[in-house]
Amino acid sequence: MHVPTAVIRPQLVIGAQAPVPTRYGMFEMVVFRWGDAPDPETGLSPDHVALIKGDVRGQRGVTVRVHSECLTSEVFGSLKCDCREQLEAAQEEIARRGQGVVLYLRQEGRGIGLANKIRAYGLQARGHDTVDANRLLGLPDDARMYEAAAAMIAHLGIASIRLLTNNPEKIEALSKLGVQIVSRAPSIIQPNPFSAPYLDAKRRRMGHALPSEDLTESALGEAIGDAE
Ligand SMILES: Nc1nc2c(ncn2[C@@H]2O[C@H](COP(=O)(O)OP(=O)(O)OP(=O)(O)O)[C@@H](O)[C@H]2O)c(=O)[nH]1
């Protein structure tokens with residue numbers, strides 16, 4: 001699918017496009033530039049990515065994963081969260097269906113930036129959960145914005161989406177921005193002993209639609225079982 005180079009809105013510009021072979025098959029990668037320059041406070045890059053499979057223009061119910069950057073898991077293999085596995089599962093599913101889009105948004109650490117996220121990890125290492133760690137730093141629980149995602153969906157001409165997410169705020173934010181969401185599909189990753197407290201906090205404190213069992217106990221139980 002060719003996406004014409006254009007200044008779409010004052011804030012959104014298509015920078016580049018090329019096919020990229022991935023371990024899940026071939027995707028078309030389109031880079032969108034959002035805003036003029038990295039935020040001087042956070043250093044956040046305005047470059048977002050659409051990883052496209054198949055023809056999505058004018059299509060309804062296109063499978064879309066709106067995914068926020070997580071350097072720790074996606075580059076370094078951190079086990080503290082489910083981000084990397086969610087991204088991989090989305091690519092895998094989209095490849096299997098032969099149609100869909102991953103929108104990869106450069107808003108690390110739920111929008112607080114990498115340094116703040118690592119500060120928050122320092123507090124989590126001392127027993128605070130993901131929400132309290134942000135608050136102790138004087139930062140919002142979730143600082144993400146989805147204007148760029150909505151503009152990218154509009155530019156790709158996608159009529160409506162089937163969104164892969166467990167996060168009700170993501171659904172609400174995208175809907176408010178005019179994205180037509182026809183259905184939601186869960187993105188459930190089996191917890192490991194390090195991610196279990198984080199997934200549990202996402203469920204209890206951030207309202208994510210995750211299994212209601214005590215994830216910490218079950219993951220720790222499994223890990224203990226494995227070690228025996
Ligand atoms: N501040 C903070 N950010 C985190 C932590 N763990 C992961 N993240 C960030 O959380 C974000 C997760 O993004 P997504 O997977 O797109 O969204 P989500 O809110 O988990 O919702 P889903 O669509 O259900 O996956 C990424 O930006 C990660 O970098 C943490 O402990 N603290």
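**Close-up views of a predicted chain and its ligand**

**View 1. The whole chain, to get your bearings.** Residues 24 or more positions apart account for 60% of the contacts in the chain with a separation of 6 or more, a contact being two residues whose C-beta atoms, placed from the backbone, lie within 7 Å. This is a predicted model, so local features need pLDDT of at least 70, side-chain atom pairs count only at pLDDT 80 or more, and totals for chains, interfaces and linings use all residues. Residues are numbered from 1 along each chain as its sequence is written. Eight helices and seven strands are found in the chain; these are DSSP runs numbered from the N terminus, with helices being H or I of at least four residues and strands E of at least two. Of the 228 residues, 35% are buried (20 or more other C-beta atoms within 10 Å of the residue's own; exposed means 12 or fewer, partly exposed is in between, and C-beta atoms are placed from the backbone).

**View 2. The open sheet.** Here the seven strands run in the order E1-E2-E3-E5-E4-E6-E7, with mixed pairing; two strands pair if DSSP finds at least two bridges between them. Strand E1 (12-22) and strand E7 (181-185) are the edges, each pairing on one side only. Neighbouring strands are turned by 25° against each other on average, direction ignored (axes are lines fitted to C-alpha atoms, for helices over the stretch in contact; angles run from 0 to 180 degrees between N-to-C directions).

**View 3. Strand E6 and its two partners.** E4 and strand E6 (residues 161-164) pair in the parallel sense over three bridges. Thr63 stands opposite Arg162 in E6, and Val64 has Leu163 as its bridge partner there. E6 also pairs with E7 in the parallel sense, over four bridges, and Ile161 has Ile181 in E7 as its bridge partner.

**View 4. Zooming in on Val64.** Val64 sits in strand E4 and counts as buried because it has 29 C-beta neighbours inside 10 Å. Leaving aside residues up to four places away in sequence, Val64 touches Gly100, Val101, Leu103, Ile161, Arg162, Leu163 and Leu164. The C-alpha atoms of Val64 and Ile153 are separated by 9.2 Å, with the two residues 89 apart along the chain.

**View 5. Helices on the sheet.** H2 lies across E1, strand E2 (25-34), strand E3 (47-53), E4, strand E5 (100-105) and E6, and runs at about 160° to E4. Helix H5 (residues 147-155) packs on the sheet too, touching E1, E2, E3, E4, E5 and E6, and its direction makes about 150° with that of E5.

View 6. Asn116, Lys117 and Ala120 are the buried residues of H3. Seen down the axis of H3, they fall within an arc of 100°, so they line one face of the helix; the arc is that of the directions from the helix axis to the C-beta atoms. Exposed Ala115 and Gly122 are on the face turned away from that buried side. H4 is among what covers the buried residues of H3.

**View 7. Around the ligand.** The ligand is surrounded by 23 residues, the closest being Ser68, Cys70, Thr165, Asn166 and Asn167 (the C-beta atom, placed from the backbone, lies within 6 Å of the molecule). Strand E4 (62-68), helix H2 (83-97), helix H3 (114-124) and helix H4 (130-136) are the elements giving two or more residues to this shell. By class, the shell has six nonpolar, 12 polar and five charged residues (nonpolar: Ala, Val, Leu, Ile, Met, Phe, Trp, Tyr, Cys and Pro; charged: Asp, Glu, Lys and Arg; polar: the others, Gly among them).
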